[in-house]
Amino acid sequence: MIQDIGTGVFRNEYEKPEPCDEDIVFAFDGRTVFFREDQEGISVPTVRDLPDDKRNTKSLQFLFRLGGRACFLWKEDSLLEITGYSYGNLRRLRSAHPQDLCFAGETAFQLYGWYRDNRFCGRCGKPMHPDEKERAMRCDACGHIVYPKIMPAVIVGVLHEGKILTTRYAGREFRGRALIAGFCEIGETAEDTVRREVMEEVGLRVKNLRYVATQPWGFESDLLIGYFCEVDGNPTVRVDHNELSIAEWMDRESLLKENLQTISLTATMMDLFRRGKI
Ligand SMILES: [Zn+2]
């Protein structure tokens, strides 16, 4: 999955280092990321590529470390301009090699959105600034502190008589095959979310929930929680077409013909099913 970065090391302790030439720079504009693509694949700039007067913490916000190198966020309001690089669709990061750049990029994107959306205090309206000691935004006027937003959501593989219920979302950029999914609501356990989402999206009761794994998914500020479960009673599917375009039962053989990008928990769960690993 996207967080399995092989020999790479991700360290998210908050620091205040000065930028070094080899450090990595992430810049975003909406849902686009600043990158270059050549024969070696996708890459993002280093601090060395920046103009001399921008290689400092006035223009760069420390994010985390990747393999010992610090990763910084371009925090100027103006867009970054470096010959050979341009802003392009965030989803292109998925094809970055090594994969640690993809994981760092999506996590940087999560923090980009959080810094962008917390410039002003939600309690008193005054400007906020990064805290000195921890990854938080602080309002000096009223003392309000805001931490990065992480939204838990479930991914559900519903099973019945050797088949798994796969879906396609309605009205989303992602067109591939998916599983039932949804956000945890206030006052709800993740298991309650599984039961509610399956009922809402396809009209089924489920039982025998089994936890699979979690996955941080910075593209949407999510922490995804995977479960397999079984149909309890009537297996007739009633699709909510506001959420899904289709929902269909698939057996292992037909799912083996699908091209699955196992960087996602969803695809990993479908892969586990088709290889008989559940
Ligand atoms: Zn305030």
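User: How many Å separate the centres of domain 1 and domain 2?

Analyst: Domain bounds come from an automatic or database domain assignment. Here the assignment divides the protein chain into domain 1 (10–117) and domain 2 (151–274). Taken over C-alpha atoms, their centres are separated by 32 Å. Please note that this is a predicted model, in which local features need pLDDT of at least 70 and side-chain atom pairs count only at pLDDT 80 or more, while totals for chains, interfaces and linings use all residues. Residues are numbered from 1 along each chain as its sequence is written.

User: How many residues of domain 1 are in contact with domain 2?

Analyst: Two residues are in contact if their C-beta atoms, placed from the backbone, lie within 7 Å. By that criterion, eight residues of domain 1 are in contact with five residues of domain 2. On the domain 1 side, the residues divide into three nonpolar, three polar and two charged. In this grouping, Ala, Val, Leu, Ile, Met, Phe, Trp, Tyr, Cys and Pro count as nonpolar, Asp, Glu, Lys and Arg as charged, and the others, Gly among them, as polar.

User: How many helices and strands does the protein chain have?

Analyst: Helices (H or I, at least four residues) and strands (E, at least two) are DSSP runs, numbered from the N terminus. The protein chain has four helices and 17 strands. Its C-alpha atoms fill a box of roughly 65 × 50 × 30 Å along the principal axes.

User: Which strands are joined to β7 by bridges?

Analyst: Two strands pair if DSSP finds at least two bridges between them. Strand β2 (residues 24–26) runs parallel to β7 (residues 69–74), with three bridges; phenylalanine 26 has leucine 73 as its bridge partner. Strand β6 (residues 60–66) runs antiparallel to β7, with six bridges, and leucine 60 stands opposite tryptophan 74. β6 and β7 form a hairpin with two residues between them, and glycine 67 in the turn has a positive phi of about 55 degrees.

User: What is the order of the strands in the open sheet of three strands?

Analyst: The order is β9-β10-β11, with antiparallel pairing. β9 (129–130) and β11 (145–146) each have a single partner strand and stand at the edges, so one side of each is left without a neighbour in the sheet. Two bridges join β10 (residues 137–138) to β11, and arginine 138 stands opposite isoleucine 145.

User: Why is helix α4 (residues 265–274) described as largely enclosed by the rest of the structure?

Analyst: Eight of the ten residues of α4 are buried, so the helix is largely enclosed by the rest of the structure. Among the buried residues are Leu265, Met269 and Phe273. The buried residues of α4 pack against β12 (151–160), β13 (163–169), β15 (206–217), β16 (222–231) and α3 (252–256). Across the protein chain, buried residues make up 32% of the 278 residues.

How values were computed:
Buried ≥ 20, exposed ≤ 12 C-beta atoms within 10 Å, placed from the backbone.
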